[in-house]
Amino acid sequence: PFDVLIVGAGPAGAAAAVYDARKGLRTGLLGERFGGQVLDTMAIENYVSVPETDGPKFAAALEQHVRAYDVDIMTGQKAAALVPASRNGGLHELHLENGAILHAKTLVLAPGARWRHMNVPGEDIYRTKGVAYCPHCDGPLFKGKRVAVIGGGNSGVEAAIDLAGIVQHVTLLEFADSLRADAVLQTKLHSLPNVTVITHALTTEVVGDGRKVTSLHYRDRRTEQAHEIVLDGIFVQIGLVPNTEWLRGAVTLSERGEIVVDAHGATSAPGVFAAGDATTTPYKQIVVAVGEGATAALSAFDYLIRLPVE
Ligand code: FAD
């Protein structure tokens, strides 16, 4: 069995692997692909100490760092279920989609999250070419330009406020008849001179010139009229979905499906730790995920050295 088995090979999982391998633990890292969401990113300019890099480069650096240690790397694999140990110090079982079962004394869960997509024509084609999901990450790329934010919940309104300070103009589109964000955020939003709010708006298509986004089409749900907005960027803020469906019943999840963790990265199951975007951590960023991966890895080590000698 593994001392530590890590699920997810994004920034959080990679950091956990480096930390536990350096403790001399028998470490396994299982993931669909190395790099996680980072692979879908173009410019990364907020990983402190690296002023500028891009997704594929950052993912390759993560992989190279992990491969410098003795880590059993299993990519192209997906975990399907977790059966936590029935007694303290017992082995946890990880069931894979291919039918295999792995055993481990501790686990670090780092399956990350996925941004909910609009699923309209053009969205996939223009992802990273104007269609963006992370205002903290990509906002500055649209300095002085016109953008739209899709979604009037807290994250959409926060994104619109954030972007209004950087870009020339923001149009916020909400599907329902009113915004759902907290009142203080709405008040702040309406005080900004360069923001337009449109409700009852159903986005229907992302249009571009082959290289980048040029406009957005939406339909007014009251009048059924079609409209076009000329712009350079579209920030989709209709939810971040944690990849935790397979963990239901194994560890406690929040209402939003996030793995509930404490400051040590401990989950509700003893010996099972978690890190990164899949957890209740408030900010979903690479530098945060890496730090949490280290925390979860050190907590796993701490748990192991306290196990009774067999
Ligand atoms: P992830 O990166 O999501 O990695 C989790 C991995 O686990 C994935 O590879 C997933 O496929 C795999 N996995 C999921 N379920 C299973 C399973 N059952 N079995 C096995 N493997 C599984 N952050 C920044 O700090 N700066 C930026 O500039 C930036 N830009 C971004 C741009 C885009 C377009 C996106 C989508 C995100 C961006 N982010 C950025 C956010 C950042 O990518 C995430 O915060 C970070 O990747 C989270 O790391 P993680 O390890 O928790 O999860």
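In the predicted model, A148 stands opposite I234 of strand β17. These residues belong to a pairing between β11 (residues 146-150) and β17 (residues 233-236), which run parallel and are joined by 4 bridges; two strands are taken to pair if DSSP finds at least two bridges between them. Strands (E, at least two residues) and helices (H or I, at least four residues) are DSSP runs, numbered from the N terminus. β11 is also joined to β12, again in parallel, by 5 bridges, and V149 has L172 of β12 as its bridge partner. Of the 5 residues of β11, 4 are buried, where buried means under 20% relative accessible area, exposed over 50% and partly exposed in between, with a 1.4 Å probe and protein chains only.

These pairings sit within an open, parallel sheet of 5 strands in the order β10-β17-β11-β12-β13. At its edges are β10 (131-132) and β13 (195-198), each pairing on one side only. Helix α4 lies across β11, β12 (169-173), β13 and β17, and runs at about 170° to β12. Such angles run from 0 to 180 degrees between N-to-C directions, with axes fitted as lines to C-alpha atoms, for helices over the stretch in contact; contact means heavy atoms within 4.5 Å.

Residues are numbered from 1 along each chain as its sequence is written, and side-chain values use heavy atoms, with hydrogens and water left out. As the model is predicted, local features need pLDDT of at least 70 and side-chain atom pairs count only at pLDDT 80 or more, while totals for chains, interfaces and linings use all residues.

Helix α4 also features in the second largest pocket, where it gives 5 residues, the largest share of the lining. This pocket has a volume of about 780 Å³. On a 1 Å grid over the protein atoms alone, a pocket is an open set of points with protein on both sides within 12 Å along at least five of seven lines, and lining residues have an atom within 4 Å of a point. Grid points are joined across faces, edges and corners, and the volume is the space filled by probe spheres set on the points. There are 26 lining residues, and S155, E158, L240, R256 and P282 are the closest to the centre. Two or more residues each come from α3 (135-138), α4 (154-164) and β18 (240-242). By class, the lining holds 10 nonpolar, 9 polar and 7 charged residues.

A second open sheet to look at has 3 strands, ordered β14-β15-β16 with antiparallel pairing. β14 (201-208) and β16 (226-230) stand at the edges with a single partner strand each, so one side of each lacks a neighbour in the sheet. From one strand to the next, the twist averages 25°. β15 (residues 213-220) pairs with β16 over 5 bridges in the antiparallel sense, and R219 has A226 of β16 as its bridge partner.

Among the buried ones are P11, G13, V18 and D20. Their cover includes β1 (2-7), β2 (27-31), α2 (55-67), β5 (71-75), β8 (101-109) and α6 (286-305). I6 lies in strand β1 and counts as buried because its relative accessibility is 0%. Leaving aside neighbours within four places in sequence, I6 is in contact with G13, A16, A17, T27, G28, L29, L30 and V108.

Note on methods
1 Å grid on protein atoms, 1.4 Å probe; cavity = no way out; pocket = protein on both sides within 12 Å on 5 of 7 lines; lining within 4 Å. Nonpolar A, V, L, I, M, F, W, Y, C, P; charged D, E, K, R; others polar.
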